[in-house]
There are 4 protein chains.
Amino acid sequence: MVRVCEPYVGAKEIAMTQNSTQPFARPRPAPEWHVESWLNTDQSLSLKALRGKVIVLEAFQMLCPGCVQSSLPQAKRVHALFSHEEVAVIGLHTVFEHHDAMTPTALKAFVKENQLSFPIGIDQGVEGEMLPATMARYNMQGTPTLVLIDRKGDRRAQHFGHIPDLQLGAEIMALMKAG
Amino acid sequence: MVRVCEPYVGAKEIAMTQNSTQPFARPRPAPEWHVESWLNTDQSLSLKALRGKVIVLEAFQMLCPGCVQSSLPQAKRVHALFSHEEVAVIGLHTVFEHHDAMTPTALKAFVKENQLSFPIGIDQGVEGEMLPATMARYNMQGTPTLVLIDRKGDRRAQHFGHIPDLQLGAEIMALMKAG
Amino acid sequence: MVRVCEPYVGAKEIAMTQNSTQPFARPRPAPEWHVESWLNTDQSLSLKALRGKVIVLEAFQMLCPGCVQSSLPQAKRVHALFSHEEVAVIGLHTVFEHHDAMTPTALKAFVKENQLSFPIGIDQGVEGEMLPATMARYNMQGTPTLVLIDRKGDRRAQHFGHIPDLQLGAEIMALMKAG
Amino acid sequence: MVRVCEPYVGAKEIAMTQNSTQPFARPRPAPEWHVESWLNTDQSLSLKALRGKVIVLEAFQMLCPGCVQSSLPQAKRVHALFSHEEVAVIGLHTVFEHHDAMTPTALKAFVKENQLSFPIGIDQGVEGEMLPATMARYNMQGTPTLVLIDRKGDRRAQHFGHIPDLQLGAEIMALMKAG
């Protein structure tokens, strides 16, 4: 499942074999995120503060097996490979089920045990709603979801599920080179 | 790290390449476990009630990465391969850290999301002690720990960390054939 | 695809989930193999000479991807784990295609580069036949094929394709304990 | 082991954690390759004919385990992911040992069995020399070696051994975007 903005990141260069591509009309500013609190950073991180960097936003839940096995290890590899001056890896804990299990306390222990060192925001819960605020605003379909945001703050690609490292490396670099 | 009882499970047949083997003087009854509550079973499971089956006891913590990545998937494979009339796979949630994160509620969500279907006992916490009761009694060094108990209820092998599938398959069968 | 002799190795203990099990009427002596020449051993190895050991016979072709990726690494693990006094791992190069590519010279280089240290026999080619002699006699359907032979020299299980390490470890130990 | 030309592909964006980077003074034209014969293509492929595309040149030997397990599967992934109008994946069979095992006939069977569909050139052997012509000219240290050549025909990076998919995806895209 791939949801993309137009023009798709590296669309010309990557063979468009994905069936489920849904192009947006044109690049649009990524919605600001709503975060209750942050781990692994002393200060709140706004989209604006990260302007100029390519952002790799990894939405996950700590009890989602696909996140634990595939997406978070991939986010760690991205964080280890690319220059932190150029690419910001941001985790987003988007709890939409098992709220009493995936508490901030539990997340803190999870982050420590899994040695995640990039900043992680806890998506703001919304009274009476299943989905937390940022997840709803980004129209995410579940976890894991990977969002790529360019240096200007435009959302350029959104992937539900896992994408291969080769493709992700290419998509990140396409945005880095985009200026 | 391998702690074994004497005679070691399949010791004659498996090349003894493990350096850290600590043979006990002779097979001894496995200590009864102390469990607060059970998941995936309607009734409490005592060692006695399982007499006649080979028991594969998998001690784990839901936030231990080695458990999530290696040992629990292995326990699932054991549960899927062997006849349930012959081999009982039992999980034991031995929380010795992050107690406020790894609550029974959190475990229940974890078990569901990871599709664990074998019985899992929650090791009894002890007032003022870091280690829960069964973990202490079995002298476990951490998680994951795998304990093999024979049909008579004697503890025959105890492994701290991960052992390969090939070895585990052989050790289980050695106990099945032991009578 | 599993072809087995009766009683199946560990049949009682392993849940019989394999659909393609074809039980033979009763255990029968494994046919003697016909080998042109041997690698990794100074002397010819007959079934008779190995009497008393459990034999894990791995039929393969050096250009068969499934053999290279799965079966030969598994054979190496078996060779490394079990006592050589108890278990004999034997490779059998059963060339039935690309004869001009998989020559004895090429096999020798392959064995060296892949660091295979167990004895390997080259199955005897037969004038005018596609299948080499041992392969035909064992009624193998392709490569890889794994054959388990008990201490008395009876063929007890034959697997076409790959079986999991857990199952293989159990099946080998079942034969070790059988007598 | 990484040997690179200056400016390194994506050097600014990728954290330079590799110790063994040896920058050349400046980008230089990739040496033309010397190929005896081609597989998977009807016509000879010169560097010149590929001008305008990014070239991923994978030097390998069919009996090199690291090539079979890691590099050729990676080359297949590159071939499957990127547009063939933009990226040319080229295999180069650089035999420097076991010449009598890795013959053109053997390679042909290998290519078929491993379902390699990109063009593969057989590096030209040189009378009295261990290394074939292109391998020597490129100063390769062994197999596998991955060479990245930009749209203008300049060699931009050369990796001995394996590099992660994430990095390779980024390096390829850096060259695609370079013009």
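Reply: Chain A superposes on chain B by a rotation of 180 degrees, with 0.0 Å of shift along the axis and an RMSD of 0.0 Å. This is how a two-fold axis relates two copies. Both copies use the same surface, since 100% of the contact residues of chain A recur in chain B.

The pair you asked about follows.

The contact itself draws 22 residues from chain A and 22 residues from chain D. On the chain A side, α1 (65-81) and α4 (165-177) each supply at least two residues. The most comes from α4(A), which gives eleven residues to the side that touches chain D. By residue class, that side of chain A holds 13 nonpolar, four polar and five charged residues.

Ile172 deserves a separate word. The largest nonpolar core has 212 residues, and those touching the most other members are Ile172(A), Ile172(B), Ile172(C) and Ile172(D). Leaving aside residues up to four places away in sequence, Ile172(D) touches Ala170(A) across the chain boundary, and Val54(D), Val56(D), Phe82(D) and Val87(D) in its own chain. In soluble globular proteins, nonpolar side chains tend to be buried together.

As to confidence, this is a predicted model. Its scores are ipTM 0.91 and pTM 0.91. Chain A has a mean pLDDT of 90, and 87% of its residues reach 70 or more. Residues 1-6 of chain A have a pLDDT below 50, although the stretch makes 25 contacts in the model beyond near neighbours in sequence. Residues 16-24 of chain A are also below 50, with 14 such contacts in the model. Where pLDDT is low, the predicted coordinates should not be read in detail.

Note on methods: Residues numbered from 1 in each chain as written. Chains lettered and ligands numbered in written order. Predicted model: local features only at pLDDT ≥ 70, side-chain atom pairs only at ≥ 80, totals over all residues. Contact = placed C-beta atoms within 7 Å. Helix = DSSP H or I, 4+ residues; strand = E, 2+ residues; numbered from the N terminus. Nonpolar A, V, L, I, M, F, W, Y, C, P; charged D, E, K, R; others polar. Least-squares fit on C-alpha atoms with pLDDT ≥ 70 in both. pLDDT = per-residue confidence, 0-100. Core = buried A, V, L, I, M, F, W, Y, C linked by C-beta atoms within 7 Å. Buried ≥ 20, exposed ≤ 12 C-beta atoms within 10 Å, placed from the backbone.
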